[in-house]
Amino acid sequence: MNIHEYQAKELLVAQGIPVPMGEVATTAEQAGDIARRLGGAVVVKAQVHTGGRGKAGGVKLAKTPEEAREKAQAILGMQIKGLTVEKVLIAPAADIASEAYVGVIMDRASKAPVFMVSAAGGIDIEEVAATNPDAIRKLVVDPRYGLLPHQAYLLATELYQEPKQQRAAAKILQQLYAAFVAAGASLAEINPLITTPEGEVRAIDAKFNIDDNELFRLPAIEALRDPSSEEPAEVDAREAGLTFIKLDGNVGCVVNGAGLAMATMDLVKYYGGEPANFLDIGGSSNPEKVVNALRIITSDPQVKVILFNIFGGITRTDDVANGIVTATRQSPIDVPIVIRLTGTNEEIAVKILSEAGFSAMTDMDEAVKRAVELATGEGK
Ligand code: GDP
Ligand code: MN
């Protein structure tokens, strides 16, 4: 789950990290009022679930409340990486002497949280990572002990020469780790962590990704969810109890089990296709889940073919067959459907499908190949 910058900053403040806090506005007038209340120069910042807002024109400084109103007017409604800006954060503008990057991610390779810090922070950090990886210092954290004081200090010395700033940064790194753990995050970063001309260290941007599997035990974090900022199909799928991730290809996939879903996507790619989604209808399928899955997949206009790949264990293939028949009767589907199913109640499933005019395959290779041919137009 993604959260907005203003929410991420609240998680930092809760651990004691110094952040120039502001308020959120949904209209230009509110933005002007907030700027008046804050007094002095402000920064107007698009609140969308993506980085790179600065480069896209979604972060603007304003010297007066009137200017804040104008900047908010321009930013609200703007599209950034396909997302519409519906809220802006109005925060006191910081004077910046230097910009650093500090972040912690859950790293698969290390099977542990890994800190990354760089004195070359700011909006070009991706470029730094790509062209000058040595400018980023990494440190693996032992989750049993967390980020120890000497480790935090070591990282801080990468960022600053001034002992006072090193101590401030070391403290912030430990507080950031605490925020990362408390939020069940898979990523927590501050970019930029700035120094002011007076030498103070401050966080002026924050980004968190929350591990969905932590949410059941963290209701206060779950409450930060903003469905209006999420992919509509993913919201729909979550409410229907399906695990769904939208992708950019045109082969819609309906699969049971995450492992089989991954294998199916691999095979689609192997045969030269591109999956339109990851979708796991889960173990104990009922026809309703299939109906919902088809509704969600067909709402994507890019989808050229729908591939069912069902391995019936606990999942009964006749349930899936009934779901396909029900769904296509309710609303006929105008893209071809390729069905591969095998396992529990396979004979019944094949009978249900053939009576409804569908054919089913049992071989996964053949089915995926066929689906890719249909998607690329070679099978016509
Ligand atoms: P991002 O582009 O989405 O990561 O948004 P950021 O909040 O990191 O802002 C991008 C850049 O805008 C920062 O790296 C700063 O250079 C600049 N910026 C953001 N807030 C302020 C501010 O309060 N004062 C000044 N002077 N610059 C800011
Ligand atoms: Mn940033």
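Hi everyone, let's start with a helix on a sheet: helix 2 (residues 28–38) lies across strand 1, strand 2 (42–46) and strand 6, and runs at about 160 degrees to strand 1. Contact here means heavy atoms within 4.5 Å. Helices (H or I, at least four residues) and strands (E, at least two) are DSSP runs, numbered from the N terminus. Axes are lines fitted to C-alpha atoms, for helices over the stretch in contact, and angles run from 0 to 180 degrees between N-to-C directions.

A quick word on the model: it is predicted, so local features need pLDDT of at least 70 and side-chain atom pairs count only at pLDDT 80 or more, while totals for chains, interfaces and linings use all residues. Residues are numbered from 1 along each chain as its sequence is written, chains are lettered from A and ligands numbered from 1 in the order in which they are written, and side-chain values use heavy atoms, with hydrogens and water left out.

Helix 3 (residues 65–75) lies across strand 2, strand 3 and strand 6, at about 165 degrees to strand 3. The sheet itself is open, with 4 strands in the order 1-6-2-3 and antiparallel pairing; two strands pair if DSSP finds at least two bridges between them. At the edges sit strand 1 (23–25) and strand 3 (59–62), each pairing on one side only. From one strand to the next, the twist averages 25 degrees. Strand 1 meets strand 6 (residues 88–92) in the antiparallel sense over 3 bridges, and there E23 stands opposite I90.

Where does that leave us along the chain? The domain assignment gives domain 1 (22–92), domain 2 (98–222) and domain 3 (232–376), with bounds that come from an automatic or database domain assignment. The centres of domain 2 and domain 3, taken over C-alpha atoms, are 41 Å apart.

Next, strand 7 (residues 98–107). Strand 7 runs antiparallel to strand 10, joined by 7 bridges, and V102 has I190 as its bridge partner in strand 10. Strand 7 is also joined to strand 8 (residues 112–118) by 7 bridges, again antiparallel, with V104 opposite F115. The hairpin of strands 7 and 8 has 4 residues between the strands, and K111 takes a positive phi near 55 degrees.

Which peptide bond is cis? The one from N191 to P192, with omega near 10 degrees; P192 lies in strand 10 (residues 185–195).

Now some helix pairs. The axes of helix 5 (residues 149–159) and helix 6 (residues 163–182) come within 8 Å and cross at roughly 125 degrees. The two helices are therefore oblique to each other; angles under 35 degrees count as roughly parallel, over 145 as roughly antiparallel, 65 to 115 as roughly perpendicular and the rest as oblique. The residues of their contact divide into 10 nonpolar, 3 polar and 1 charged. Here Ala, Val, Leu, Ile, Met, Phe, Trp, Tyr, Cys and Pro count as nonpolar, Asp, Glu, Lys and Arg as charged, and the others, Gly among them, as polar.

Finally, helix 10 (residues 287–298) packs on helix 11 (residues 317–330) at about 45 degrees, with the axes 7 Å apart. That makes helix 10 oblique to helix 11. Their contact includes V290 and L294 of helix 10 and I324 and A327 of helix 11, and its residues divide into 7 nonpolar, 4 polar and 1 charged. Thanks, everyone!
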